[in-house]
Amino acid sequence: MNIERLEVRNFRNIEHCEIMPCRETNIIYGQNAQGKTNLLESIWLFTGCRSFRGSRDKDMISFGASKSILDMDFYAFDREQNAHLEIADSRKFHLGGIKKNPGQLMGSFLCVVFSPVHLSLVKDGPYERRRFLDIAVSQLKPKYAVTLSQYNKALMQRNFLLKDIKVCPELYDTLDVWEDRIAFFASEIIRQRYGYVRKLSEYADEIYAGLSSGKEKLEIAYSRREPSEAQNKQEIYEELRQQLLAARQNDILTGSTSVGPHRDDLLIKIDGLAARAYGSQGQQRSAALALKLGEAAVVRSFSTQQPVALLDDVMSELDETRQNYILNHIRQWQVFITCCDPSAVKNLKNGKKFHMDAGRII
């Protein structure tokens, strides 16, 4: 999967920009606030997902303009394709001239993004890591997103009941209904998360070894005890039902559910130590990068398509060895890398460089 042409109009500070990237490494360099991240963001929107920066659609339209227009020619699934996006009161997608909604566009253009916000995968609490897992699994298996939504609805109902039971004890018996639903959906979530983490670990560990020249070892694991190969979905369900039953009295006191995948975590260790507590800035950045590039490798293994990689401000806080790996050892991928200092990419052997200034390629 490769972008062959990208044209952007009235998108944030970019009035008009058109680039023809190469199929390997593309460096977009320039000072801060010149539009480098905006350009990556425009590419990401063709996945059908919302901005990785958490922005609202109207905030992406240039000041004084009525709409943003994005147009991209790309090669995927053995054919040339065109995608067109207009952002005004809503987003309007066209793929091959046919109107699509964001959900229909997902899977047509595959992309992974790393930006400074993704350091939260390592630095912050478990919520961000659970969110990473859930988004990654949903992209591969759309039905997972439905299961997750159903689980969250059941969880919310049980939490409401836990609070109401304090004043209406007769509601106690209705907990069985919601605990049954929670355990049913949770058993599938746990199975899918485990399968994904096993696959992700294979690739992320190898990528991190490359980044550290084999001097450090990355380990990732799911915090919940792994189901045995012989343990089926029904057995996981029964185990969760017993855990929920055992936690009832304490949960009534706290007014929240203490058992389930909404409390699980993705454990990240470097040389046996928790990366969050003991990793250096460079190690934490490398671990987060390995997770995101590992995510791309998992997508490739499922779809046979290599996602485009968007790496925003990835070079800072990395030593020259790790920078060199990113520039020259991520092969057969189309990669877009932003940086401020052009000297950081002096060792680039194959690829193209684009200098961005005031929203323009110069």
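Q: What makes the charged end of Arg-23 count as sitting over the ring of Tyr-75?
A: The charged end of Arg-23 is 5.4 Å from the centre of the Tyr-75 ring. The rule asks for NZ of Lys or CZ of Arg within 6 Å of the ring centre and within 35 degrees of the ring normal. The model is predicted: local features need pLDDT of at least 70, side-chain atom pairs count only at pLDDT 80 or more, and totals for chains, interfaces and linings use all residues. Residues are numbered from 1 along each chain as its sequence is written, and side-chain values use heavy atoms, with hydrogens and water left out.

Q: How many aromatic pairs does a search of the whole structure find?
A: The search finds 4. Rings of Phe, Tyr and Trp (its six-membered ring) pair if their centres lie within 6.5 Å; planes under 30 degrees apart count as stacked, over 60 as edge-to-face and the rest as tilted.

Q: Why is the pair of Tyr-194 and Tyr-222 called edge-to-face?
A: The ring centres of Tyr-194 and Tyr-222 are 4.8 Å apart and the planes lie at 80°, so the pair is edge-to-face.

Q: How do you know whether Tyr-194 is buried or exposed?
A: Buried means under 20% relative accessible area, exposed over 50%, partly exposed in between (1.4 Å probe, protein chains only). Tyr-194 has 5% relative accessibility and therefore counts as buried. Tyr-222, at 6%, also counts as buried.
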